[in-house]
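This briefing covers domains, sheet, core and helices in turn. The sequence and the structure come first.

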Amino acid sequence: MTVQEDFHYYATYCAAYIAGYSHEESLRVAYAAQFVDCCTKTFINKVKGPKVAATTQLQTELADTKLDLAGLREITRIWASFHFLPGDLYAHIPRRPKVYMDEYRLICNPNGDLLVDTLRLAKGKGIEACGLAMHVLADTWAHRYFAGTPSFVINDAGEFYEIHRTLDGDEEKKIRFRHNPVAPDDLEKGIFTNSINNYTARSIMNLGHGRAGHLPDYSFAVYRYVPAWMNYEAVIKDNPVDYRNAFCQMIYAMKYLRGEHEKFEKERYDEENIASYSDRIDSILRKRQLSASEDWKAFGEELSGSKIPDFQVDMYVDEYLNAGETEKPSTFLGRFFTAAIAQKGMVSNRIYRSGNKRAGIVMDINTLENMNRRRLLMIANKTGKAGLDGKNKKNR
Amino acid sequence: MERTKRIGNIAFGICMLIASLIMIFDMEDGYRIIVYFLIVSLIYRSIKCFIYFFLMARFKTGGIVILYKGLILLDAGVFALGLDNIPISYGMIYLIIVALLSGVIDVLQADQSRRMETGQWRFQFAYGASKVVIALLCFFYLNSLRWLTYVYCAGLIVSGVTRISTALRKTAVVYIE
């Protein structure tokens with residue numbers, strides 16, 4: 001069970017149910033949201049799907065990725081599109097070179113223009129696209145202040161201090177990190193796993209929130225640190241508040257996707273619908289534990305009165321494998337792959353159009369006719385290349 | 001490891017092997033090649049640090065460390081420029097000190113990795129320790145230039161082979177999803 005499963009699967013189920021989806025629909029939304037953390041090239045290989053639809057990378061895949069320009073762009077396309085959605089692609093700081101700003105502008109933050117684009121893209125595309133968008137939305141809150149690209153000057157961080165809120169006031173405790181990936185985080189002693197300190201500009205160690213370990217993924221965590229890009233100023237990351245905002249924004253966003261709101265507006269949170277569960281949700285978010293899955297699951301089952309099965313990554317594999325070539329796109333995985341390719345294309349193109357080549361150039365599947373769309377998937381399937389740069393230029 | 005870095009490491013390792021073999025058969029020429037190689041390498045790395053600092057790292061919290069790194073490398077490179085004009089035995093002392101410092105840094109880094117429980121410290125520790133031992137042996141043979149050359153060349157060969165094998169090794173990644 002992964003750490004994020006509690007929020008991406010169980011909490012997303014709760015939000016979907018509150019937003020008005022049925023139990024079955026909510027399960028599919030939650031599955032799609034969690035599946036974003038599982039849809040690797042390795043998995044796609046197994047089901048013989050389009051490799052360009054990969055939404056995450058395994059450690060072994062990252063180790064195999066060459067950190068040349070093409071490799072760097074592939075990593076950025078995946079991580080910026082699905083896990084670290086940039087908050088402001090046109091951020092401006094005077095007297096900073098473009099090469100620095102290209103990395104700075106990829107810092108993830110909630111309520112950015114790209115979030116609105118993500119929701120617009122998902123509207124009318126079905127449950128799978130909705131779940132995928134919910135993952136992206138939730139991560140804008142959890143992963144804020146980090147960028148989905150390997151960057152020493154953005155993602156490196158100094159010391160972290162966990163803030164314990166007590167009746168007598170706040171108490172700070174220095175967090176100790178280790179680099180043993182198999183050792184679980186020790187909440188009692190305040191020992192967490194993070195990536196190794198590396199001064200290389202584009203080291204994988206400086207990708208995303210690796211230097212902060214799993215701290216951004218714990219809803220209870222409140223901590224203070226100095227981000228590399230913050231000009232020696234400290235930030236306090238208050239996860240319980242951020243996660244609550246994420247939960248309420250997910251409800252609002254899903255209502256938009258269901259057609260209850262005409263347009264998706266930034267900084268709108270559906271607090272009304274959770275008023276009667278407010279204390280319950282807060283208590284789950286603030287409970288100090290490695291995984292809040294059981295608590296969210298119990299809450300979800302109380303909400304719907306139905307049992308929530310555990311997340312099984314292979315749940316829809318047989319459906320996809322047994323479908324004929326023409327039926328595959330309408331299966332759960334087929335629809336998820338289409339949504340993933342569209343999201344990756346949209347985000348990468350927005351980054352490119354902002355004058356930033358860090359994510360390379362990717363064809364936007366939505367601008368293609370059905371014929372070209374099928375051809376695109378075929379080429380991606382054959383080549384396994386996430387970067388469609390050269391191959392498809394002739395299709396434009 | 002980046003592909004360019006891998007290629008660089010392999011090329012560097014091969015050059016070390018060639019230089020050490022030349023040095024065994026013709027000490028003066030071999031010594032000069034090693035010195036020039038060291039100068040170019042140090043100055044190139046310092047320039048890279050300066051460029052990276054002025055374009056990127058000066059805007060980063062604690063990024064000044066990149067500037068210090070560049071200055072130290074440049075200083076060492078400029079100092080090495082004078083090695084061509086002094087007797088080989090004195091020049092060798094400088095090379096041995098460089099090897100000793102490099103070995104000590106490797107050992108310290110390995111120790112840090114061990115304390116951080118990375119599980120990947122043994123190789124670096126053994127490599128650093130071997131450099132330290134060879135450097136100390138070199139000091140022991142300072143009076144015999146022939147033996148000093150053999151020991152130093154043995155160290156260079158070990159370093160060259162290690163560089164090549166490191167470049168070919170698959171790097172383990174610790175990444176938090």
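Which domains does the domain assignment of chain A give? The assignment gives domain 1 (5-150 + 240-395) and domain 2 (152-239), with bounds that come from an automatic or database domain assignment. This is a predicted model, in which local features need pLDDT of at least 70 and side-chain atom pairs count only at pLDDT 80 or more, while totals for chains, interfaces and linings use all residues. Residues are numbered from 1 along each chain as its sequence is written, and chains are lettered from A and ligands numbered from 1 in the order in which they are written.

**Chain A overall**
- The secondary structure of chain A comprises 15 helices and 6 strands; helices (H or I, at least four residues) and strands (E, at least two) are DSSP runs, numbered from the N terminus.
- Of the 396 residues in chain A, 52% are buried, where buried means that 20 or more other C-beta atoms, placed from the backbone, lie within 10 Å of the residue's own.
- Among contacts in chain A with a separation of 6 or more, 64% link residues 24 or more positions apart; a contact requires C-beta atoms, placed from the backbone, within 7 Å.

**Between the domains**
- The centres of domain 1 and domain 2 of chain A, taken over C-alpha atoms, are 24 Å apart.
- Across the boundary, 30 residues of domain 1 of chain A are in contact with 23 residues of domain 2 of chain A.
- On the side of domain 1 of chain A that touches domain 2, the elements giving two or more residues are α5 (69-82), α6 (98-104), α10 and α11 (278-286) of chain A.
- Helix α10(A) supplies the largest share of that side, 4 residues.

**Nonpolar core**
- The largest nonpolar core has 143 residues; such a core is a set of buried Ala, Val, Leu, Ile, Met, Phe, Trp, Tyr and Cys residues joined through C-beta atoms within 7 Å.
- Domain 1 and domain 2 of chain A both give residues to this core, so it lies between them.
- Ala15(A), Leu132(A) and Met250(A) are among the residues with the most contacts inside the core.
- Leaving aside residues up to four places away in sequence, Met250(A) touches Thr12(A), Ala15(A), Met134(A), Leu137(A) and Ala138(A).

**The sheet of chain A**
- An open sheet of 4 strands runs in the order β2-β1-β5-β6 (chain A), with antiparallel pairing; strands pair if DSSP finds at least two bridges between them.
- β2 (169-174) and β6 (235-238) of chain A are the edge strands, each with a single partner strand, so one side of each has no neighbour in the sheet.
- The twist from one strand to the next averages 30 degrees.
- Strand β1 (residues 157-166) of chain A pairs with β2(A) over 6 bridges, and a hairpin joins the two through 2 residues.
- In β2(A), Glu172(A) stands opposite Ile163(A) and Asp170(A) stands opposite Arg165(A).
- β1(A) also pairs with β5(A), over 4 bridges; Pro227(A) in β5(A) is the bridge partner of Ala157(A).

**Helix α6 of chain B**
- The 24 residues of α6 (residues 145-168) of chain B should span 34 Å at 1.5 Å a residue, which agrees with end C-alpha atoms 34 Å apart; the expected span is 1.5 Å times one less than the number of residues.
- Buried residues of α6(B) include Leu148(B), Tyr152(B), Leu156(B) and Arg163(B).

Conventions: A residue is buried if 20 or more other C-beta atoms lie within 10 Å of its own, exposed if 12 or fewer, and partly exposed in between; C-beta atoms are placed from the backbone. Two residues are in contact if their C-beta atoms, placed from the backbone, lie within 7 Å. Axes are lines fitted to C-alpha atoms, for helices over the stretch in contact, and angles run from 0 to 180 degrees between N-to-C directions.
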